[in-house]
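Please look at the sequence and the 3D structure below.

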Amino acid sequence: NSPRALQSPALPMISIVTPSVNPCDFLQQTLDSIQHQRYDHLETLVIDGDENDAKEINKGLIRAKGEVLGWINPGDLLAEGALQAVGLAFAADPDLDLVYGNAISLDAQGQFFLADHGTHRSGLWIGAFQSAGSCPAFGSEVFAIPQPTVFFRRRLLQQFGAVDESFRSIFDYELFARYARHAKIKKIERIQAFSRVRKGDRERWNGMLVELYRLARPQWPTLGSKAFSTDLREFVTGYMRRKFGGRPRGIRAAAA
């Protein structure tokens, strides 16, 4: 006999999108980790395609029927009881818009991965969500949250839009920063997921820096002002730290 589902009718329906852009050996592991959650009110959507992840994620979010939405990339895994914790958090607070938690980094073989956090190396990815407005130049850390631990209510998608497909590397960062300006957010203090470090993540770092600059630049003060000079100096300093070492823990700590 299968274990009795740890469930209550009061818990919200959760929809999880998994983009499958390229053949991936880890896809079945990811789907198994979702199905083993024993969460009754669950919808899983696997979106195949030959485009970028952002497009496939948006296709899935549009089709999803759940009140609570999220996506899990192939290779990432949900920790035992993760969806139960998410469902309980949303059921307990109707005003809550978004939740996130902590994660553990894994390498391609599924082993514990020590990621570079600037001042130290650790396989534990501590979620830290700060105000996106606290660092307009994005020269240093704004927030560092493991993407597979993030779930949000459908109303955020409806009111503030979906993934910006013009970003190929930081679309999750941009989306969460956009939502953070309007959402009531709560951290679930537990390991919610295992985040896989993918082949080529290190090589994509420069592309992410370019996109961070593109995202931040419109928020800078007027050219020639004292505030502009200050933000430019902070951005360059942060850029050099990120590119050449000693980086603070940032949006891609697990990939750094």
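## Terms and basis

Two residues are in contact when heavy atoms of each lie within 4.5 Å. The model is predicted, so local features need pLDDT of at least 70 and side-chain atom pairs count only at pLDDT 80 or more, while totals for chains, interfaces and linings use all residues. Residues are numbered from 1 along each chain as its sequence is written, and side-chain values use heavy atoms, with hydrogens and water left out.

Helices (H or I, at least four residues) and strands (E, at least two) are DSSP runs numbered from the N terminus. A residue is called buried under 20% relative accessible area, exposed over 50% and partly exposed in between, using a 1.4 Å probe and protein chains only.

## The nonpolar cores

In soluble globular proteins, nonpolar side chains tend to be buried together. A nonpolar core is a set of buried Ala, Val, Leu, Ile, Met, Phe, Trp, Tyr and Cys residues joined through side-chain atoms within 4.5 Å. The largest one here has 30 residues, and Trp 71, Leu 98 and Phe 152 have the most contacts inside it. At least two residues of this core come from each of strand 2 (42-48), helix 2 (53-63), strand 3 (68-71), strand 5 (98-106), helix 4 (154-160), helix 5 (171-180) and helix 6 (205-216). Helix 5 gives the largest share, five residues.

Which residues does Phe 152 touch, not counting residues up to four places away in sequence? They are Leu 61, Glu 67, Val 68, Leu 69, Trp 71, Phe 90, Asp 97, Leu 98, Leu 157 and Tyr 179. A second, separate core has 18 residues, among them Ile 16, Ile 34, Val 86 and Phe 90.

## Ser 15 in strand 1

Ser 15 belongs to strand 1, which covers residues 14-20. Is Ser 15 buried or exposed? Ser 15 counts as buried because its relative accessibility is 1%. Leaving aside neighbours within four places in sequence, Ser 15 is in contact with Glu 43, Leu 45, Ala 64, Lys 65, Gly 66, Val 68, Leu 69 and Gly 70. For Gly 66, the backbone nitrogen lies 2.8 Å from a polar atom of the Ser 15 side chain.

## A surface patch and a loop residue

Patches are made of residues with over 30% relative accessible area and no salt bridge; like charges are joined within 9 Å, and nonpolar side chains (Val, Leu, Ile, Met, Phe, Trp, Tyr) within 5 Å. Accessible areas come from the Shrake-Rupley method with a 1.4 Å probe, and for residues only the protein chains shown count as cover. Leu 232, Val 236 and Met 240 make a nonpolar surface patch of about 240 Å². Leu 232 sits in helix 7 (residues 226-244) and counts as partly exposed because its relative accessibility is 35%.

Arg 38 lies in the loop between helix 1 (27-35) and strand 2. Its phi is positive, about 55°, although Arg 38 is not a glycine. With a relative accessible area of 29%, Arg 38 is partly exposed.

## Salt bridges

Side chains of opposite charge can pair when their charged atoms come close. A salt bridge is a side-chain nitrogen of Lys or Arg within 4 Å of a carboxyl oxygen of Asp or Glu. By this rule the count is seven. One of them joins the side chains of Lys 55 and Glu 165, at 3.2 Å from N to O. This pair links distant parts of the chain, 110 residues apart: Lys 55 is in helix 2, and Glu 165 is in the loop between helix 4 and helix 5. Lys 55 is partly exposed at 25% relative accessible area, and Glu 165 is partly exposed at 31%.

Asp 93 forms a salt bridge with Lys 184, with the closest N and O atoms 2.7 Å apart. Asp 93 is in the loop between helix 3 (82-92) and strand 5, and Lys 184 is in the loop between helix 5 and strand 12 (185-196), so the pair ties together parts 91 residues apart in sequence. Glu 174 and Arg 178 also meet through their side chains in a salt bridge, at 2.6 Å from N to O. These two are separated by about one helical turn because they are four residues apart in helix 5. Glu 174 counts as buried at 10% relative accessibility, and Arg 178 counts as buried at 13%.

Key. A polar contact is a pair of N or O atoms within 3.5 Å; within protein, one must be able to donate a hydrogen and the other to accept it, and residues adjacent in sequence count only if both atoms are side-chain atoms.
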